[in-house]
Amino acid sequence: MTAIQSLMPDAETGLLGTDPSATESAGTYVTAGGYADTLTPGELLDRICESGLRGRGGAGFPAAVKLRTVREAGGSPVVVANGEEGEPGSAKDRWLLRARPHLVLDGLARAAAITGARTAYVYVSDPAAAERVKAALGEWPPDVPVEIVETAHTYVAGEETAVVRRIDGGPALPTSKPPRPYQEGVGGRPTLIANVETLARIALIAARPEERGHRTSRSTLLTLSSGTAQPLLTEAPYGTTLRELATAQGTPDACGALMGGLFGGLIGADSLNLPLDPTTLTAAGTSLGCGAIRFLGPGECPASVAADAVDHLAAQSARQCGICVAGTSSISTTLAALATGRADGDAPEKLLRWSSSLPGRGACGLLDASAGTAGSLLRIFPSLVRSHLDGPCPGCASSPPDGRRLTVPVPKITGIRSSETRIPRPSPAP
Ligand code: SF4
């Protein structure tokens, strides 16, 4: 069971909204200012640029740069709301689509208006999310035609080139880059692929033009978990410390964390004093990624958590690139041996070599995440790694690696409440 609790000073204006356990109706959304004509597409793009909004899918790329690139690419662009979150510790995107589909669709329609797209897709693997989006499209048809494309839930299915391939009728597997989707995407057309939280924040910037997006771009949805307390879906302003997040999630005595889903690597206890801020976290050698943070509770060993992470990645490798198949499997086997005290004396040396030589050599980031996780374990916990060569610590001895432990369930969402505001369905766009 995943709990929901906002850490925003003014929770009602954030993404979690006033009732995060129910699906918001079109009527309630419109009454609160959604879908309103507040800014022209060009003005909205300027506001997004000014706000510094970064993408919330993992890479943290400036949203305005992506929008502007597709807008200026010419041709007949396509926009995609990417709701496929492959990280096992993340549940925020599926919650967003289930609970606030209109916020995402509003953002998608605005992204279409900015880029000039006349074709839009919602890409999703979660059947419950797909159902809520379909119902929302029936309640309030957007100006741009929107098609829902469903996919299998895998680690790589949300990678941008995998999204393009799936929408074009192929398998949801990454391809090598270039070309990138903004150059040549769906049907060979310039394509904006935006994470659903990014689109929701674009809709909020449009709904509150007087704020100029500063507050909206400086808060984020987070999925927090640990091995000792129940997961928490939350929204927090930048500046909140990681320790404050650990306390909110129920792990106040955390001794470290696995950051960003599986992309930010491990951090130690000292780093829990860092503030939630992408620039600061990057400077400290980690990242927020998709906003999934797994804290290490008392007695939880970083070696075991690293082995869990790469065990999951090795199982999820799309097995297209030989270097990824061999690399993730070697790292996974070596980390599992280290965690259980069976590793050879040269295991740290091998892990160090792989962590520096493998990044960037696969078609997608899965191999980088495996190598980065191993590298962070060696860098942040060197004495623990050495001690594991003599035998497992008590935590690892009692609990061998199992990547399935990292999975966080989506919070339970009820349907639209009968007390929600209802409005007549508008006519579809001609
Ligand atoms: S790097 Fe791995 S997961 Fe990514 S495309 Fe290649 S084989 Fe698949």
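**Close-ups of a predicted model**

View 1. As for the backbone, phi of tyrosine 35 sits near 60°, which is a positive value in a residue other than glycine. Look for tyrosine 35 in the loop between helix H1 (26-31) and helix H2 (41-51).

**View 2. Cis peptide bonds at proline 178 and proline 179.** Zoom in on the loop between helix H7 (160-167) and strand S5 (191-195), where proline 178 has its place. Lysine 177 and proline 178 are joined by a cis peptide bond, with omega at about -5°. Then comes the bond between proline 178 and proline 179: cis again, with omega at about 5°. Proline 179 also lies in the loop between H7 and S5.

**View 3. Leucine 108 and the largest nonpolar core.** This core has 54 residues, and those with the most contacts inside it are Ile48, Trp95, Leu105 and Leu108. Leaving aside residues up to four places away in sequence, leucine 108 touches Val79, Val80 and Ala81, along with Ala120, Tyr121 and Val122, plus Val146 and Leu199.

View 4. As background, nonpolar side chains tend to be buried together in soluble globular proteins.

Terms used. Residues numbered from 1 in each chain as written. Predicted model: local features only at pLDDT ≥ 70, side-chain atom pairs only at ≥ 80, totals over all residues. Heavy atoms only, no water. Helix = DSSP H or I, 4+ residues; strand = E, 2+ residues; numbered from the N terminus. Core = buried A, V, L, I, M, F, W, Y, C linked by side-chain atoms within 4.5 Å. Buried < 20%, exposed > 50% of the residue type's maximum accessible area, 1.4 Å probe, protein only. Contact = heavy atoms within 4.5 Å.
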